Amino acid sequence: MKDQTRRIPASRQREKPGQKTKWIGTDMKRVEDPRLLTGQGRYADDVSVPGMLHAATLSSPHAHARIISIDVSKARALPGVVAVMTGEAVARLTGPLPCFSNPPVEQRCVAIDRVRHVGEPVAIIAAESRYIAEDAARLIEVEYEPLPAMNDPRKAMHAIGEGVLHPARGDTNVAMHRNFSFGDVAGDFARATRVVKRSLRWARSGAQPLETCGAVSEYDSATGKFTIHVNSSMYNYVGWLLAVTLGVPVHKLNIIPTIAGGSFGSKLFIHKVPVISAVLARETGRPVKYLEDRSDNILACDHHGSDRFYDCELALDHNDKMISMRCKVIDDYGAYFQFDIGHHGNALSQITGPYQIGSVEADITAVMTNKCQQGAYRGFGSEVSNYVMERMVDAACSEFGLDPVEFRRKNFIKPEQFPYFIPTGNLYDSGNYPAVLDKALQMLDYDGWRNKQKEARKEGRYIGIGLATCQERSVFSATEFWMLNHEAGFALTSSPEGVKVKIDPTGNAVITLQAPFWGNSPETMATMILAEHLTMDPANISVTYADTDSGIAGTGPGGSRFTVMVAGAIVSASQVIRKKLFLLAAHLLDADPSEMELFDGKVRVKGRQGAEKSIADLAMMAHFFRLSFPDTPEFDTGLDASCTYDHPLTTMPSEDRKDLGIFYPIMGHMCHMPVVEIDVETGKVKFLDYVAVHDCGTIVNPMTLAGHVRGGTAQGIGSAIYEEYKYADDGQLLNANFADYILPSVNEVPPNVRVGHVVTPSPFTEYGIKGGGEGGRMGAPPAIASAIEDALKPFGVKADFLPLTPAKLRGLIRQATANQ
Amino acid sequence: MKPWPFEYHRANSIEDAIATLGRHGEGARLLAGGQSLIPMMNLGLATPDLVVDVGNLSDLAYVLVEDGVLRIGALATHNTIMEADASASACPMLVVAYHSVAHHTIRNRGTLGGNICHADPASEMPLVLTLLDASMVIRGARGERVVAAGNFFIDAFETEVEPAEMLTEIRIPAQAAGEGYAFEEMSQRKGDFAIVSAGCRLSIRKGQMTNVRFGLTGAGAQTRRMSVVEAKLEGAGPDDRLLAEAAELAVVNSDPSDDIHADAAYRLDLVRTMSRRVLAAAVRMTAKQGAL
Amino acid sequence: MRTQKVELTINGTTYSGHVEPRMLLSDFIRQVARLTGTHVGCEHGVCGACTVQIDGKTARSCLTFAVQAEGHDIRTVEALGKQGALHPIQEAFWEKHGLQCGYCTPGMLMRAEEFLASNPTPSREDIIEAISGNLCRCTGYQTIVDAIEHAATLLKSQTAEA
């Protein structure tokens, strides 16, 4: 970029890429699997405590209403009911739920005076069974005074008075409006020779993991301490905020994690569910389980995905180089605002895609409406930005008759330009975009498919070849949660990951992570990295998850960060352990620690035959034979390390936010190329082929990475073709069940998503690893839109909104045919 | 998402089931395979106060051919019917259509009897049975009556079966040799209820179509056999233009409404496409069978 | 709330509980028999996570009342292999990365077992049709199809050995 004076902090990479490795880079079978395959995974609903009650909520049937009165007497009288609490009763024992916006938008786990979306809890019940709790909910009599329901953010943003959701924040539903401009946008547009404009729409979908959110809480009145079992992540990062909500000192709350049956972001930080179960536990003096049912999860999980309207312009110069982009975006945030516009911070990390675009403007309006609030869903808002960028590229190509492959290639950031600052101030650490594109073209047999496409069209068949080349930012840092605010509020800058590694006296290792399995492979990954580093047998390593009492600093998965961050922490910890092993062995073998090396589970003296000690022997010595070693502190008993790894590369944003700093620099890349055939009479889209080439730097486990790519692609197919939370004008959610909210089944996905990799290691992370957990869903939607548009070129149909359901697609074709 | 409380009675005979229903009156529901009723109960959309479980009346799980009629006991599961040789030989259209019905696990427990008594307008089997000229045997306290499929389905979720009656058998006349038939549907996902489905049977004698049966789901509020379309085809030669006109006629006679999965315009498009496809497929099949 | 004694045979063991007739089989299996390998995903019969076998045939345990299952033989994932002695289908899912979060897995396994018993040499298309009623949100299904294909091979060689 122009400003070469911007400082790039020195790399803290210790383990260089390209080493000869024994475990890293192999398809090691997952260590998590045997217990999951035998039905012995311990998920939230598997937690059972003696005397445990079951909770249910009474959900609001209204999108927006005042609560006039609540009569719980009949519910309370029902045999088997132990407690019924209204919002007011709950508010006497709890404060607002944690919110990361500034000023915060007050959300309660149970609504007090006003309900703001269908499904919002109005009362909560603890009973001997979930059945009875639900019976009780139906016996609660609530009088509501309906208020105008805000369904469309474009209208809601102009509402005043009764239509305003949070009057305490002012007489408007605009939660935030900010204009961010980076570089000389006006100048670039003035010198542009061609400009393409599009209005684009990304509809609301959501993660919908097969397991919902759940918690089992206990309250010990003797110690005044809560214990909460919950399938949340990030509890060792921000879990302490739940103690604040529960009105107890932070050390009076212990959060015990359970593994999660899928999250995709939506269990990033569960707040409502644990607080509901905890407050009922306190009220009843008994353990209480609250597990969302599917309806609760769809209506009120606090984690719907992005819901945006874009107006975009892309400027090209006379050489067909993209020089600037500007977009106005209205984002429908729903009823609350827990993560502020962090989703747009996320998007700004890669808003210009893999291209050399010198300036960019984003005008962001976040609007509150009577829907479930947005949270996290695989991509966290940057998947939308990918869709928008690629749509604009395709729009330019189709409008100006440019070849989509060559146009992209021409505009790519070149391999030699890394590290590369984009206009927003974020840095792309490394990349090789032409290599990824070339590999995809070759794997797909692009020219072959173009020929088949021509032949098919002669037979009246409509085949389309899609192309999307987009970014896969990884390893989020903390600044994105506040840097877009007018005032920073809580301007945190840490997003660390900690691990504890303990070698037991027999030489086996236990790794303690700070966030649980949620469908990723943290145990396998941590095992592989530690085995690599200490030359251990993976069978001698086990992995566990810390509760908050024992946990150290750790953020958890999210923003495709966990592998990179855990690897960093394990490298630190195993360095400590290695140092101690060398020290012990050197003493026992009468050598200098600097002469030692690890080999095959043993420490040996370099070049001295037979002078070796196994890790097991050394561990026994370290634990039980203190007097065999000198009386200096470095020989003190034990063989363990707790280490925290901070984000490998972040800098502060500038005061004026003209430079957001380096906040999401570990930049992956992907090229997705689907081939679809469309039945133009029914609008049905069928996949004939699908190639996905990713560059996630050094790969720890190709098998599990491919699993993420394919799984993410399936979710991307959902967002592109099938999935949408459909809210009616009155704010009712019309498809709050799995029969009507259409998750792709095996029939809706390609039979073979062919995954390829290009490896461009990061210069900043251990071994050069980049994150890759979200990629599929960040690439599939624009690729599919592109394929559909390509297939329907004879009709001139534009894929400017998602999801392109068969009905919608057929509608576009019908319209186009009528116009022809 | 739990069912409301109810009393449970496991019937040990048809008579017991009917007597129990009669004693209880409104609010009692028969439970066969439960694949329609239980989801509705879990969602709170059905709240019977008495559930009479007829699922163990295994005497009613038969599928057999007798005197040119496929007789299906009301408690035969979809998979039993789908996999029975009797079905394949007597009513192959039934088997073909079954490939669009739900998924294996649902078909393991779901019964045809329960399915048609539920009478979901998006369900495939009410249409198929109507086109196959099926008749239903209904048993009540006063004895048995037989109702033709055309009269059996009164409206969406409403059939001829009275609250204290029980469907006991479905009778389908064997399809004629050389007959052409086809069933097609468009659904969100394979196995989901159809947005629009179309079915057709016909024979061709001396170059003319005869015994034409044609109908649709999703073309209006309920499953419909379209006699105007049948009349247009009956006695005519099966040329493509006529089939296209027949499909247009189906469109004109459809009156779908918007719902969350499809607007009316889309359904009309599907009516046209599905109609044309099943008509053409049925004609092709007769040709293949050499009946021309 | 009227309860009645319900006695069910699950994986060859008899479990009995005083439960309401409305108790779903899924809840009986998980709460009364304490066999938590069977998972509940949607409770309206769409996702297939709760799939078990009743008399050798798969069934949605959320679309069955416990009381209906009296006198029938119920099988859950716990009846397959154990750790260290996995069933070939479990082995194949492990080998082929046929699971990520593991939540749909028990239902998939029960369906796969039923399917392979009736079709020991399936094509990929057969497998796709067979699991179309079981949703998975993690894998994109491809490796599940791989796993079932692989399981067929493992089962065949096992039969050949026996």
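How much area do chain C and chain B bury between them?

1. This is a predicted model. Chain C and chain B bury about 2500 Å² between them. Carbon and sulfur atoms hold 51% of that area. In chain C, R22(C), L63(C) and Q68(C) lose the most area to chain B. Together they make up 25% of what that side buries.

2. Look next at the residues that touch. The contact pairs 32 residues of chain C with 29 residues of chain B. There are four salt bridges between the two chains. K2(B) and E43(C) form a salt bridge through their side chains, at 2.6 Å from N to O. Chain C and chain B also have 19 residue pairs in polar contact.

3. Which elements of chain C supply at least two residues each to the side that touches chain B? They are β3 (51-54), β4 (57-60) and α3 (105-118). β4(C) gives the most, with four residues. By class, this side of chain C has eleven nonpolar, ten polar and eleven charged residues.

4. Now turn to chain A. Its domain assignment gives domain 1 (1-18 + 412-475 + 664-820) and domain 2 (496-645). Their contact takes 21 residues from domain 1 and 19 residues from domain 2. The C-alpha centres of the two domains lie 39 Å apart.

5. Domain 1 and domain 2 of chain A bury about 1500 Å² between them, 61% of it on carbon and sulfur atoms. On the domain 1 side, R14(A), V475(A) and V700(A) lose the most area, together 35% of what that side buries. The count of salt bridges between these domains is zero. Seven residue pairs are in polar contact.

Terms used
Residues are numbered from 1 along each chain as its sequence is written. Chains are lettered from A and ligands numbered from 1 in the order in which they are written. This is a predicted model: local features need pLDDT of at least 70, side-chain atom pairs count only at pLDDT 80 or more; totals for chains, interfaces and linings use all residues. Side-chain values use heavy atoms; hydrogens and water are left out. Domain bounds come from an automatic or database domain assignment. Contact means heavy atoms within 4.5 Å. Buried area is the accessible area (1.4 Å probe) that two parts lose on being put together, summed over both. A polar contact is a pair of N or O atoms within 3.5 Å; within protein, one must be able to donate a hydrogen and the other to accept it, and residues adjacent in sequence count only if both atoms are side-chain atoms. Ala, Val, Leu, Ile, Met, Phe, Trp, Tyr, Cys and Pro count as nonpolar, Asp, Glu, Lys and Arg as charged, and the others, Gly among them, as polar.
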